[in-house]
Amino acid sequence: MQSDPRHFALVPAAGSGARMGAALPKQYLPLLGKPLIHHALAALCAAPGIERVFVVLSVDDAEWARHDWRGLGPRLAPLFRGGPTRADSVLAGLRAISGEVSATDWVLVHDAARPCLARWHIEKLMRELAHDDVGGLLATPVADTLKRADEHARVTATVGRDRLWRAQTPQMFRYAMLRRALENARGVTDEAGAIEAAGLRPRLVEGDAANLKVTWPFDAHLAEWILRHRGESGGEEEKTP
Ligand code: C5P
């Protein structure tokens, strides 16, 4: 009989973070006194049920070794394998762990740039997808009305927000299915995009806006506020409908 699938985390962290306009790659910018990436890694390393947390760093990353990661425990494993795009980095990471992971094990791919990942986000994703044939991702329904613009910032169309979602991470798929999809997909910006290109339909699991991606300098202030106030306002807990 086949044993239960295990769960692994893979964190692509080989980007340069050019939009932040900082000297350091964004994953190492200080956030509450720690490198930004530390916060997401801490959440994943503390999650019950995740066997190992692999971090994909750029081949010439000199910053990782300047920090002390021992507090995150023995499940953390850096891989100096990053590629030119996020998808390349994820695929390189998947290839590097082939000896440790079985075809049907789950892989949770999470952006280093999402530091406010909470325990309930991880648990809800794992719980809701446990028996899913495809897998899926955390996401939030779009609340704003969306506009498409021309090159002069003039509105050319209003895009109906009905059934539109904002994709987040973690995105959770079976190891072999995800690897195959990424080997075959070109130009995708997330794992779900590769799975969709393979003709499958990932499940959307509702998270919340706290799991934001730090892209612009303002996002880092917002992330600090969220992490600092977590627990005070029930922010660490799942909303009840
Ligand atoms: O640039 P963006 O915010 O979309 O990057 C999302 C995540 O992908 C970040 O954690 C970044 O470090 C990672 N990435 C990567 N390899 C690249 C580009 C981005 O691992 N070549």
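Leu178 touches Leu94, Val109, Phe173, Glu191 and Ile195, leaving out residues up to four places away in sequence. Contact here means heavy atoms within 4.5 Å. This is a predicted model, in which local features need pLDDT of at least 70 and side-chain atom pairs count only at pLDDT 80 or more, while totals for chains, interfaces and linings use all residues. Residues are numbered from 1 along each chain as its sequence is written, and side-chain values use heavy atoms, with hydrogens and water left out.

Leu178 sits in helix H4 (residues 175-184). Helices (H or I, at least four residues) and strands (E, at least two) are DSSP runs, numbered from the N terminus. Leu178 counts as buried because its relative accessibility is 0%. The cut-offs are under 20% relative accessible area for buried, over 50% for exposed, and partly exposed in between (1.4 Å probe, protein chains only). The C-alpha atom of Leu178 is separated by 34 Å from that of Leu32, and the two residues are 146 apart along the chain.

Leu32 belongs to the loop between S2 and strand S3 (34-35). With a relative accessible area of 32%, Leu32 is partly exposed. Its backbone is worth a look. Phi of Leu32 is near 50°, a positive value in a residue other than glycine. Ala153 also has a positive phi, about 60°, although it is not a glycine. Most residues other than glycine have a negative phi, and most peptide bonds are trans. Ala153 lies in the loop between strand S8 (146-149) and strand S9 (155-159). Its relative accessible area is 68%, so Ala153 is exposed.

Another backbone feature is the peptide bond from Thr169 to Pro170, which is cis, with omega near 5°. Pro170 lies in strand S10. Gln171 is also placed in strand S10 (residues 165-174). At 1% relative accessibility, Gln171 is counted as buried. A second polar contact, of 2.9 Å, joins the side chains of Gln171 and Asp190. A polar contact is a pair of N or O atoms within 3.5 Å; within protein, one must be able to donate a hydrogen and the other to accept it, and residues adjacent in sequence count only if both atoms are side-chain atoms. Beyond its neighbours within four places in sequence, Gln171 is in contact with Val107, Leu108, Val109, Gly136, Leu137, Asp190, Glu191 and Ala192.

Now turn to helix H6. At 1.5 Å a residue, the 13 residues of H6 (residues 217-229) should span 18 Å, and the end C-alpha atoms are 19 Å apart, which agrees. The expected span is 1.5 Å times one less than the number of residues. Which residues of H6 are buried? They are Asp219, Ala220, Ala223, Ile226 and Leu227. These residues cover an arc of only 125° around the axis, so they lie on the same side of H6. The arc is that of the directions from the helix axis to the C-beta atoms. The face turned away from the buried side carries the exposed residues Phe218, His221 and Arg228. The cover over the buried residues of H6 includes strand S2 (30-31) and helix H1 (36-46).

His39 is placed in helix H1. His39 is buried, with a relative accessible area of 15%. Not counting residues up to four places away in sequence, His39 touches Leu31, Leu32, Lys34, Pro115 and Leu227.

Of the 16 residues around it, Pro12, Ala14, Lys26, Gly83 and Ser89 come nearest. A residue is near a molecule or strand if one of its heavy atoms lies within 4 Å of it. Polar atoms pair up at several points. A backbone N or O atom of Gly15 is 3.1 Å from an oxygen atom of the ligand. An N or O atom in the side chain of Ser89 lies 2.7 Å from a nitrogen atom of the ligand. A polar side-chain atom of Lys213 is 2.9 Å from a ligand oxygen atom. Taken alone, the ligand exposes 460 Å², and the protein buries 85% of that. Accessible areas come from the Shrake-Rupley method with a 1.4 Å probe; for residues, only the protein chains shown count as cover. Strand S1 (7-13) and helix H2 (86-96) are the elements that give two or more residues to the shell around the ligand.
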